[in-house]
Amino acid sequence: MRLEPIAHPGLARRLGPPAAAIVATVLVAALLAALAGANPFAVLGQIVTGAVGSRFAALETLNRATPLIFTGLAVAVAFRARLWNIGAEAQLYAGAIIAVLLGTGALGSPFVLPVSALVAMLAGACILLVPVLLKVRLGVDEVVTTLLFNFIMVLIVSYLLEGPMKDPMGMGWPKSAALIKEARLPRIVEGVRLHWGFGLALISAVLVWLIQTRTTLGFEMRAVGQNIRAARFAGMPVNAVLVKTALLSGGLAALAGWSEVAGLKGHLSSDLSPGFGYTGIIVAMLALLHPLGVVVSALFVAGIFVGSDAMSRAAGVPTYIADMLLAVALLFMVLAILLTRFRVVRG
Amino acid sequence: MTAIWEILISASFWAAAIRIASPLIFATLGELICERAGVLNLGIEGIMVIGAFAGWMAVYGGMSLWGGVGVAFLAGAAFGLLQGLLTVPFGLSQHVVGLGITLLATSTSYYAYRLALPEVTSPPKIEPFQNWEIPFLSEIPLLGPALFSQTPLTYAAFGCAIAVSVVLWRTPLGLALRAAGENPAAVEAQGLSVTALRMGAVIFGSGLMAVGGAFLTLSAFSSFFFEMVNGRGWICIALVVFGAWRPGKAVLVAVLFAAFDALQIRLQQTPVGAVVPYQVFLMLPYVLSILALIVMARRAEVPAALMVPYNKGER
Amino acid sequence: MTPTEGPAGEVVLRLDGITKRFGGLVANDAISLTLRAGEVVALLGENGAGKTTLMNILFGHYLADQGSVTVFGKPLPPGQPRAALQAGVGMVHQHFTLADNLTVLENIRLGTEPLLSFRGAGAARARVLALAQDFGLAVHPDARLGSLSVGERQRIEILKALYRNARILILDEPTAVLTPQESDALFATLKKATARGLSIIFISHKLQEVMAVADRCIVLRQGRVVGEVETRGTSRAGLAAMMVGETLAEAKVAPGPGGPVRLRLAEVSAPGLHRVSLELRGGTITGLAGVSGNGQAALADLIGGALAPLSGRIEVDGNRPSGAWTPQAAIGAGVGRIPEDRHKTGTVADFTLAENTALETYRSRFARRGVMDWRAVRAHARAVIDGYDVRCEGPDQRIRLLSGGNMQKLILGRVMEEAPGILIANQPVRGLDVGAIAYVHARLVAARDAGAAVLLISEDLDEITGLSDVIHVISAGRLSRGFARGELTQAGIGLLMAGQGFEHAA
């Protein structure tokens, strides 16, 4: 078999494969539920109602989507420039650490939030800068280095929480002291359990979209990602573009951790992120790396997680069904997107 | 320093190093085969998980240990088939597909484990592979206990390295595989199918990775628990680079790497371990992998067509 | 120049009514041809005439819509690459199908033995050496292929086909990458092969060598056989007329107006270049002749700012560049660059035409404080499309769907719109059809007449001698002195290309 590009794909060609991917994912969900001995229709229904069926559920989904928007944006920005940042998890924890360092009384009240947000972004950026400099200076592939940084960072957090940052009042649990009130992100509407981290995530998505489409940096990032040789030939400062991309990407990922600590949890513990950094890759890919699409796909992914949690409690189907569905959706979707542009021919 | 020296000359230390190296050798060989044929297989981490789970589950369900190894291989090969289909004929991004496969294989293992054993709190155990003392050889001082008093799966790992090396460098199949990773057009011009060669490499290589995972449950730990692979797959990718894409060197660096790992475990028991937080020791494998990548970055002879999809007829 | 006595042997290969369509395009239209034992048949045609498609069908890479292939009296099953090889047909591709990191012996053995077998290298090595001796081809079986020269690699390709017992050899533009002297050696090898009863199809668009090497000549145009002649009974002009469909006009242009030195390289060394000195004058086309891979790319990169000099001096309009010599610096100094590879370096395939026209000047022309002015970019793209006859759907079309000629016209427009004082055109017409070639050449001449200093880099000697006011020859990273129009014969250039006479010429 061979792939042949389609010059002018029609509407059916552009919408058919993605629709088929969605249907196929739902079928897999039904199959998995059946394997667990549950009623597939009931399980699917429970996932949906668990995600958006009540005010509480919907707010929970929005809260869960917040860090995913940030990590999704971080990945989308990097992948667009073909910088394989698989280390959003590490950058996320860097942001979380800063939120605790500056938020537990080290800083005077009026400036705590903006200053700690900026420092957090800087910290995340620095974490990604190391692999990126290794890439541009020494040619070290960044996929594995960014991945390995995740493991190192988790151990650093573990050390901090058992040592220097351990909450003396924590009854021996490895968690940090609580943030002071001024260092906490306020709620968007009083009495509603949704903090400004979500608003910040939406604003970030719009800003990233503007950077990518309206600025010279965005033009450069896209050119470097699509054809690095042409970008270099045209005189673009390729290495500087990669470094700027890394700063932006690492900073965004750090905001995920920062807003989880400052907005939701109020302290740092080693279970802060159930893999938000990795899930960000799925969020970004499902959004086809489009910054505004990231918001939609983060809401979808968060809904799957929150809905599956609720469904699991009710139907006894293991929560890992959520991860499986996302992996299946990702693989189906990348294939579907390919099939919107190419047709499979024999010979 | 004397503490370190004493560790280094003890047979039990080297026995541990060889034991720790075994799963890495399987998985590194698997990845090496894939990359030699031109496919970067980032599914490795998840494929090791599914291997660890499937092998253990088969034995827990009553199969023999070798039967478990076989089941692990098949489970890995199945995910390899998926990885291969998406990246070879369809030419999708090897990065994205690989990460997707890792997530899929990992979550499938966890889901299936929870389905099979919904209520357990502490992971059940199986009777793992026992050490085989090789007559005479195991009585050689230092070397004997280190090399010739291991489980059969460890011997299989080293045997596998020899076999892979022979096939890659001494048979027409190996030549065709390497050529597929260097210049696929040359392979196609000879009437051989690049797609078939790469698919075969990814499927078989993935099977080996899964056997590496199964080593953890069937030979090392005797039970399956979450997070048990813990980045070993990613480390193996670094080992392939560090081993310059050669099976012999890959075994060597895997053992070297495992020796460092064994050393840090033992150092934690010494006075050094009392001063330095244990997390620093646990970090060493990852830091070492990064250092290895840095050292090799300029030298390694990367297969020329690694990560380059091949579409027939496209010039 | 005398073709071998046509031994009119048995028919070894017969193509019958081969037709192949790609969408609306008919690449091969009922093509038939026969090849006899011991015969050299030339397949002659412009780029895009359908030669390569025909060979891909013979080798089972494409399925023909109609027609059949018969080899040694047996029909060849369609769509099976192995079938042609096993029937004794060997192909030497234009782009070698060899792997750099494998040894010569490994490259030759690849695919010759059953995959699941185990055989030592001894027998294979002996056979390779015997064949090499027989056909007068010197090889080292254990050399890494990447260490060989282009001519040596071609020998390995031929040896590879012989090793597979090929009785029919197909050579696709074999001399495109060779010096004239290497070509002569190749022709000698082919003579030895036909004397041993092999048959050869020789694909080319170079009339002179077709006349020298072929017994019979089949001319393709737009996918159809438009003529078949014995080479003895025809002339170059006759073949050329058949090939393009009309008698060729003299492809010469009037001399340029000349002007001051715009760019001067003084003893510049860089990776791939050895103490190169060069002056490019305004109103002048300076031609750079040479065999592919002798430093042309490095020289183009050097002038274009992509390659930094290790030593020596660069001057633009008499001034040394103030900062580092980078692509931006070069563009800023008025250097326009038409890259060698439109797809890999000239354009970003998934970008729109508009975005591609802004690749080099987005900062200086289309942005303010880092914000892009897309309206201006689009307007500019429209001007380029209209001014340079780019056939497309508009500025928002993705460039990957454009034909080579239109893509090149867009690049030409992107560069020319900046009114460059110095213009580097690296293989500007490679792979284009006749109409696009004429268009690009006319634009280069127009730029020259407007006062630009043009450097034309090409592997096609006719192109160089037809357009250039001054000719330099590059060989192994060294540059000859400049020769005025008519000062050198093609044979003289050939010697320089082969690296002879550089001590005196430098």
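**Notebook: chains A, B and C**

I began with chain C against chain A: 27 residues of chain C are in contact with 15 residues of chain A. The model is a predicted one. Next I asked which elements of chain C give two or more residues to the side that touches chain A. I found helix H10 (327-332), helix H11 (342-346), helix H13 (362-366) and strand E17 (371-372) of chain C. I then sorted that side of chain C by class and got 15 nonpolar, eight polar and four charged residues.

**Chain A with chain B**

I turned to the contact of chain A with chain B. It takes 36 residues from chain A and 37 residues from chain B. Which of them gives the most? I found that H13(A) does, with 11 residues. By class, I noted 30 nonpolar, four polar and two charged residues on the side of chain A that touches chain B.

**A helix pair in chain A**

I looked up helix H8 (residues 216-226) and helix H10 (residues 238-265) of chain A. Their axes come within 10 Å and cross at roughly 105 degrees. Angles of 65 to 115 degrees count as roughly perpendicular, so I logged H8(A) and H10(A) as roughly perpendicular to each other. Which residues make the contact? From H8(A), I wrote down Leu217(A), Glu220(A), Met221(A) and Val224(A). From H10(A), I wrote down Val238(A), Val241(A), Leu242(A), Lys244(A) and Thr245(A). The residues of this contact divide into six nonpolar, one polar and two charged.

**Chain B on its own**

I counted the secondary structure of chain B: 14 helices and two strands. Its radius of gyration is 20 Å, close to the 20 Å that the globule rule gives for 315 residues, so I take chain B to be as compact as a globular protein of that length. Its C-alpha atoms fill a box of roughly 65 × 50 × 40 Å along the principal axes. I checked burial as well: 57% of the 315 residues of chain B count as buried. Then I took the contacts in chain B between residues at least 6 apart in sequence. Of these, 79% join residues at least 24 apart.

**Chain C on its own**

I repeated the survey for chain C. Its secondary structure comes to 19 helices and 22 strands. A compact globule with 506 residues would have a radius of gyration near 23 Å; chain C has 25 Å, which agrees. I noted a box of roughly 70 × 55 × 50 Å for its C-alpha atoms, taken along the principal axes. Buried residues make up 47% of the 506 residues in chain C. Among contacts in chain C with a separation of 6 or more, residues 24 or more positions apart account for 69%.

**Domains of chain C**

How does the domain assignment divide chain C? I read domain 1 (11-244), domain 2 (253-334 + 420-506) and domain 3 (347-419) from the assignment. I looked up the spacing of domain 1 and domain 2 of chain C: their C-alpha centres lie 34 Å apart. In the contact of these two domains, 11 residues of domain 1 meet 10 residues of domain 2 of chain C.

Notes
Residues numbered from 1 in each chain as written. Chains lettered and ligands numbered in written order. Predicted model: local features only at pLDDT ≥ 70, side-chain atom pairs only at ≥ 80, totals over all residues. Contact = placed C-beta atoms within 7 Å. Helix = DSSP H or I, 4+ residues; strand = E, 2+ residues; numbered from the N terminus. Nonpolar A, V, L, I, M, F, W, Y, C, P; charged D, E, K, R; others polar. Rg over C-alpha atoms; globule rule 2.2 N^0.38 Å. Buried ≥ 20, exposed ≤ 12 C-beta atoms within 10 Å, placed from the backbone. Domains from an automatic or database assignment. Axes fitted to C-alpha atoms, helices over the stretch in contact; angles between N-to-C directions. Parallel < 35°, antiparallel > 145°, perpendicular 65-115°, else oblique.
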